[in-house]
Amino acid sequence: GQRVGVHAVARPGAAKARRTMPVVEAKRVAVLGAAGGIGQPLSLLLKMNKCVTELALFDVAPLVKGVAADLSHCNTPVQVSAHVGDAELEACLKGCELVVIPAGVPRKPGMTRDDLFNINAGIVMNLVTACAKYCPNAILEIICNPVNSTVPIASEVLKAAGCYDPRKLLGVTTLDVVRANTFVAQAKGLDLKEVDVPVIGGHAGITILPLLSQTVPSVTFSDAERKALTSRIQDAGTEVVEAKAGAGSATLSMAYAAARMAESTLLGMQGEPNMFECAFVQSDVVPGSPFFASRVQLGPEGVAKVNGLGQLNEFEKAAMEAMLPELKAQIEKGIAFAKNPP
Ligand code: NAI
């Protein structure tokens, strides 16, 4: 309930109040892959975010210059810069405290997230290597799929560079929570703004596990409802991939979700005490799975606490057992790639 709001806009009457507000700490945020389907609307939302002072946009596509020029005309105080190609990664990343990474190819109909592995693994490795060099203390938020593998890849790169801090590496699974909240609110006729469904596990197929039994406000589901909602949340990405018919995957809802995640992170960094989000992080919550998505508390250094899973019902326990081999294999695939890149 403490959210500043990604949609916060200055109103004329608010000018006086704003002047008396405490000075906000300088926060330089980078978006890597800023010219893409997610990168563009995410950059717009960050340009509107009161926690951000500088926005550094990077892409291999020169279009990022145009995106930055365009955004720079919005009369919000955030300073926007554009950086093209690997030679400009240093200028982009220097001084960054938060780096959000939506770079990478998206799915087409018939593809799983794992089908993206070969291309996106290399992109993440390259970008995180640069982060380790130019902003080793920054918090990294990885959107690039398959998240279940790209986050372990990033951890290995950071370890090799001697700057791995597990509190500062997060796979972005916020979209799964956003979808779960929306679908449950619609199914149960609840206020969209009030519903909160934790989603745990990973970010692909059956590794996405919404804990419907822990929905706030408390609601009950029939077996059929529970099964249908869980499947829809797991396959929601594919719904969008098919509707876009070859032109990409979720971009706008993803940008919305990533902006929420970034805002919660920035507020946590500023000392806001009650910032919680689900994210795919290094974890010992589930034995044998070195990374796992669950609710985390965000603090001055990123992840302050990884919460336990709470009470699971029988349906959720079975889904958890079913996902674990797949999740572990995808984590191991990432680690193996990073240790022995092609
Ligand atoms: P897109 O193709 O529209 O944009 C990707 C951008 O990345 C392009 O501008 C491209 O030039 C850039 N890029 C490629 N290689 C790069 C490199 N080495 N360095 C910097 N930039 C580079 O794709 P879209 O739709 O924005 O998706 C991006 C990624 O996000 C995909 O991997 C997709 O699977 C993933 N995604 C993740 C979600 C999640 O919930 N975590 C949800 C939706 C998509």
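1. Strand β9 is largely enclosed by the rest of the structure, because 5 of its 7 residues are buried. Buried here means that 20 or more other C-beta atoms lie within 10 Å of the residue's own; exposed means 12 or fewer, partly exposed is in between, and C-beta atoms are placed from the backbone. Helices (H or I, at least four residues) and strands (E, at least two) are DSSP runs, numbered from the N terminus.

2. The basis of these notes is as follows. This is a predicted model, in which local features need pLDDT of at least 70 and side-chain atom pairs count only at pLDDT 80 or more, while totals for chains, interfaces and linings use all residues. Residues are numbered from 1 along each chain as its sequence is written.

3. Strand β9 covers residues 276-282. With strand β10 (residues 291-299), β9 forms an antiparallel pairing over 7 bridges; two strands pair if DSSP finds at least two bridges between them.

4. Is Glu277 buried or exposed? Glu277 is buried, because 22 other C-beta atoms lie within 10 Å. Apart from neighbours within four places in sequence, Glu277 is in contact with Thr174, Met261, Ser264, Val296 and Leu298; contact requires C-beta atoms, placed from the backbone, within 7 Å. Glu316 is 39 residues away from Glu277 along the chain, and their C-alpha atoms are separated by 20 Å.

5. Strand β4 (residues 98-101) has Leu98 and Val100 pointing one way and Val99 and Ile101 the other way, and all are buried. In a regular strand the side chains alternate between the two faces of the sheet.

6. Which strands pair with β4? Strand β1 (residues 28-32) pairs with β4 in the parallel sense over 3 bridges, with Val29 opposite Leu98. Strand β5 also pairs with β4 in the parallel sense, over 4 bridges, and there Leu98 stands opposite Ile139. From β4 the chain crosses through α5 to β5, and this β-α-β crossover is right-handed; that is, with the strands pointing away from the viewer, the path from the first strand over the helix to the second runs clockwise.

7. The ligand is surrounded by 34 residues, of which Gly36, Gly37, Ala103, Gly104 and Asn145 are the closest. Helix α5 gives the most, with 4 residues.

8. By residue class, the shell around the ligand holds 20 nonpolar, 12 polar and 2 charged residues. Ala, Val, Leu, Ile, Met, Phe, Trp, Tyr, Cys and Pro count as nonpolar, Asp, Glu, Lys and Arg as charged, and the others, Gly among them, as polar.

9. Two cis peptide bonds deserve a check. One runs from Asn145 to Pro146, with omega near -5 degrees; Asn145 is also one of the closest residues to the ligand. Pro146 is in the loop between β5 (139-142) and α6 (147-160). Another cis peptide bond joins Val216 and Pro217, with omega about -5 degrees. Pro217 lies in the loop between β8 (208-210) and α8 (223-244).

10. Ala245, a residue other than glycine, has a positive phi, near 50 degrees. Ala245 is in the loop between α8 and α9 (252-269). Ala245 is exposed, because 9 other C-beta atoms lie within 10 Å.

11. Thr207 lies in the loop between β7 (199-201) and β8. Leaving aside neighbours within four places in sequence, its contacts are Asn148, Gly201, Gly202, Met323, Glu326 and Leu327. Thr207 and Pro325 are 118 residues apart in sequence, and their C-alpha atoms are 9.4 Å apart in space.

12. On annotation, an unreviewed UniProt entry lists "domain: Lactate/malate dehydrogenase N-terminal" for residues 28-171. That span is 38% helix and 19% strand, with its end C-alpha atoms 20 Å apart. The UniProt entry also lists "domain: Lactate/malate dehydrogenase C-terminal" for residues 173-337. Residues 173-337 are 48% helix and 16% strand, and the end C-alpha atoms lie 22 Å apart. UniProt positions are given in the numbering used here, feature names are shortened, and annotations may be inferred rather than shown by experiment.

Note on methods: A residue is near a molecule or strand if its C-beta atom, placed from the backbone, lies within 6 Å of it. Two residues are in contact if their C-beta atoms, placed from the backbone, lie within 7 Å.
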